[in-house]
Amino acid sequence: MYDEIFKFVDGHERLIKEPHRIIQNQFYPMSVNQDEVLDAIERSNFKTANQLVAKLVKTAPFATFPKILEQYVKFRQNRKKFSFERGLAPILSGVSPPNDANSLHLLHRFLIELGMYGKALDVYARAMQKYPNFEIGYQWFTKSLEDLNFMHLQQSSFQLPRLSTNPRQVYFWNALATVGLVKLRENLLTEQKRNLLLQLSYKSLSSVKPFKNNQELIVFCHLCELCGDKSQEIVEIVLPTLCGDNERTSVDLHLKNFIIKHLKVLNDDDRMVYVCQRLLACLDDYDLLCEFIKSTKALDLSREIAEQELKRRDSRNYRLATFELDLSFDGKISERSLETYLSKFHNKPCCHVDIQRYREFIDDSSLFSVLELLPPGLLHDCNVLKFSGEKIVESSIELLIKHESEIKNKLDTDYSACSYLLLNIIQDLVRDENLTLQNAATAIALLENYQKKDCFNYETRVWLIILYNYVGVPSLALEQYEQLKVKNVQTDTISYLVSSRFSSRFPDKNSSVLSDFIVGAKVYESAASLPQFIRIAFERSCFAKVVGMIDLYDKLQRSISRWNDMAESLQLSRLLNDKRGELLKNMHSTWRALELSNFNAYGATDRLELVDNRDYVILEPIASSCSKILEYARTDQSWTLASGLREMLVESISTGEENIDICRFLDAYSTDKMTQSERWSFSLLKKLYRDGCEQSAEWLLDSLNDKPHLHTETWLLTHDYCVQLTTLKTLDGIKRIKDATCKKKIKLELQLLRDACSELHMSYAKQWEGLDLDNSLIERLGFSHRVENIRQGFMTSLKLVRNL
Amino acid sequence: MTTIQPFEATDLLTLNNINLDILTENFPLEFYFEYLILWPDLFFESRELTKIRPDGQPEISGYMMAKTEGKGPLWHSHITAVTVAPEFRRISLASGLCTALQTITDGEPHNVNFIDLFVKCNNDLAIRLYEKLGYSVFRRVVGYYNSLEDGYPKTLNNIHSNKDAFDMRRAMTRDEGHSIRSDGRKHRCFPHDVKF
């Protein structure tokens, strides 16, 4: 069914190579000299950069761009000495503000690098004020989109219609910008401004009625919805499109949602019944069924009329709708309706979630007596167990034994419901109050055995990954993770299973999975191209998805997983004595981008917010009772940002330079989610940065003496070892620590730590050899109780860390 | 209990219950965006009103990605991906998604002549499902699923049920039967023949 991946390249190129003005405008071609200057800056060859820019200024003494470039070179050469007031401010406040594409582009970049986020887009606004033309306005619009600045997006699009050859289209851009601003950034608006912007956009769109297509109609409906009190208008305008005279009128799902929502607001039951009947003729939709039943009842129509509609199809939705019908007309669910549903769905995985919604209206005796009459089987039995909620573990064991043979007989691509039974047993073994190494080992043995039989089952595999990581054999967790074939945007949501704290749990830069995190997952490269796609959506007047696309772009820009990978890669490079230049450069530019996003989202830079896209739902319902084994992966925003700061601290301690980002945020993040070793390391680096290496000698000695004890088991063993080793290696490499006693103490601690490595790991491995698994349970289930690959996993970890 | 909803870009972050399935493809972001931009109403999902996620949203149980292409009598919609989470399989959800696509593309503004899809020749289960929905085999695309190692097919004589695809079609009324062949399995073509 997925046949298009090979065609994708063609399709993608077709989209981005379209000869749109927007595509041409995103690049700012420069003469050779300009490029050479920027290249020289990137290579930190400032002598050449200064010579070239001087030549450029001489060639065009009245041009603005060379003057800005000249200031930019000075800034990049020495940020501390650069004076905005003397250098750039006069250019910005001149009678004739910069207004050519190159100048504006460079100024925007320059101001962002200066941390003047509020001014970066103002340069476009000023240029437009003085020299209004579509080109500048369009550049302003697209830059606002890249920066995710909805306020400027709104302002720029407001000015475009009078300059555009297609003002109609631009009215919609403005309306959509207003919708985005109000929906995603309402915090930036006063109520007065909110209403004003909505009214202006509403007037613009009203002036271009009638709408040409559904996309335009959708924007108008969004706008009306935000204006409030416009439900009637929405209904009147959508109704002919959705339920016109022509039998084959459009079935647009956005419009379906608008009309249902607003008929409900208006309590217009007559038309609700009509619309639902029309739509139900083409869509099997539970929402529509429920609204139809409610309105039928509200109109005092007979139950028979509603029942007639429910005879249209025989599907899950329709059988379940009889519950709604019963409740609306009789106040209780009849046994007949229950039988009708269960007779077809008692042996389907969805049965439990469906019935659960109505559980308060169904008495247990009815439910179980109906179930009892139905033929047993794996899924039926699982559903009965879910409903009963009693003796879950023992019953799960019994059912697993009873149905074990069915796992062998199923297709590989099918998922066996036995995984539900097994996960009940696993949950009991590793829930917080029961968690021991023995239980974790038993759980691994069970899962390993099961996975071989139900090889594509990801629900069990994710728990295997977690357990391997918990007991401290990440190499085996990575093997399992590779089987999931995680890629593209999925990486952002699921990689946390193995990428959390990878630098201290499994510092292997050659691992194929981890090396991807180090170079940066592909999804973030893709994310960088999203503004280009969003621009195309505007250009093509494809409006319905734009707000969602912008939201996704924002979520990936500020993703916790992305930040985790960056900070972990930097910590790994310290541990492995690798070069950090490129990684740090990336960290600084991403930090700036994060500040910019936050400024544009909250209007201030005194707080930084990440977005947590990690999917913990796939671990439910077990995860809530098994928090201990998940601790390695349960990092939060504070932990992640503090990890980024930690790497900047190391950089600044080494250079002795003050870092404005560190100063602003150093105490902003709590250390709650840090392990003891992480907290020790972070406090130590923080103090060294604040007090300077010379002033901290005595304190540093004390701190080294207070180093936390290493854990002797689970993931914490390697983690503690690596965090402490990284910290000591970093201290050892800081030339500004000159105190001889301190230096000697650091080297001694390093030596002691390294000496302890093999023994600690070997002793833990030995502990595993002597572990008594719950063999009776394993044998009862007919599984093998050998977990010898774990020893191999310990050896892999030991080999990796003992030579660091 | 399912409702059919438009697919939004942010839904890509909550698809693991569906896309962790080993046989479900995870496309690059650009590919999804192309579909969202070019065929916004042909990318939709089923949501389960009985299963609410911690963010308050009903869980996505399946989705449909489709497009329109071709010219004149060959103007049609094509199913790129239709997939359902394991927990919601065997309850005709995929059929429901296919029927919704048929409804949407049979009306304004699409008015297609037929819907087509490709399926591996040895995937009997899926073929039966599509046949139940009114699809029939129009032709066999030899080497459609060839890997890089397999290379491009040189001849139509060598067929492999694991590497070839059936181009299956369901005709709309306006197609007047042009997309139906009773002997579709005997007609063979190269992969480049199915580009529109």
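Let's start with helix H36 of chain A, where A:Leu530, A:Pro531, A:Gln532, A:Phe533, A:Ile534, A:Arg535, A:Ile536, A:Ala537, A:Phe538 and A:Glu539 are buried. That is 10 of its 10 residues, so the helix counts as mostly covered. Buried here means under 20% relative accessible area, while exposed means over 50% and partly exposed lies in between, with a 1.4 Å probe and protein chains only. Helices (H or I, at least four residues) and strands (E, at least two) are DSSP runs, numbered from the N terminus. After H36(A) comes A:Ser541, with a positive phi near 55°.

A quick word on what you are looking at. This is a predicted model, in which local features need pLDDT of at least 70 and side-chain atom pairs count only at pLDDT 80 or more, while totals for chains, interfaces and linings use all residues. Residues are numbered from 1 along each chain as its sequence is written, chains are lettered from A and ligands numbered from 1 in the order in which they are written, and side-chain values use heavy atoms, with hydrogens and water left out.

Now, what about chain A as a whole? It has 47 helices and 0 strands. Along the principal axes, its C-alpha atoms fill a box of roughly 90 × 80 × 45 Å. Of its 804 residues, 59% are buried. Contact means heavy atoms within 4.5 Å. Among the contacts in chain A with a separation of 6 or more, 69% are between residues 24 or more positions apart.

Over all chains, the structure holds 42 aromatic pairs. Rings of Phe, Tyr and Trp (its six-membered ring) pair if their centres lie within 6.5 Å; planes under 30 degrees apart count as stacked, over 60 as edge-to-face and the rest as tilted. Why is the pair of A:Phe141 and A:Phe538 called edge-to-face? The ring centres are 5.1 Å apart and the planes stand at 80°, so the pair gets that label. A:Phe141 sits in helix H11 (residues 134-147) of chain A and A:Phe538 in helix H36 (residues 530-539) of chain A, so the pair ties together parts that are 397 residues apart in sequence. A:Phe141 has a relative accessible area of 1%, so this residue is buried. A:Phe538 counts as buried too, at 1% relative accessibility.

A:Phe538 also forms an edge-to-face pair with A:Trp173, at 6.0 Å centre to centre and 70° between the planes. This pair links distant parts of the chain, with A:Trp173 in helix H13 of chain A and A:Phe538 in helix H36 of chain A, 365 residues apart. A:Trp173 is buried, with a relative accessible area of 0%.

Is A:Asn174 buried or exposed? At 3% relative accessibility, A:Asn174 counts as buried. Leaving aside neighbours within four places in sequence, A:Asn174 is in contact with A:Gln154, A:Ser157, A:Phe158 and A:Ser201. From A:Asn174 to A:Ser201 is 27 residues in sequence, and 6.7 Å in space, C-alpha to C-alpha.

Next, charges and rings. A charge sits over a ring if NZ of Lys or CZ of Arg is within 6 Å of the ring centre and within 35 degrees of the ring normal. In chain A, A:Lys386 lies over the face of A:Tyr420, 4.6 Å from the ring centre. In chain B, the charged end of B:Arg169 sits over the ring of B:Phe138, 3.8 Å from its centre. Chain B also has an aromatic cluster, formed by B:Phe7, B:Phe27, B:Phe31, B:Tyr32, B:Tyr35, B:Trp39, B:Phe43 and B:Tyr63.

One more residue before I stop: A:Ser703, in helix H43 (residues 697-705) of chain A. A:Ser703 is buried, with a relative accessible area of 9%. Not counting residues up to four places away in sequence, A:Ser703 touches A:Trp680 and A:Leu684.
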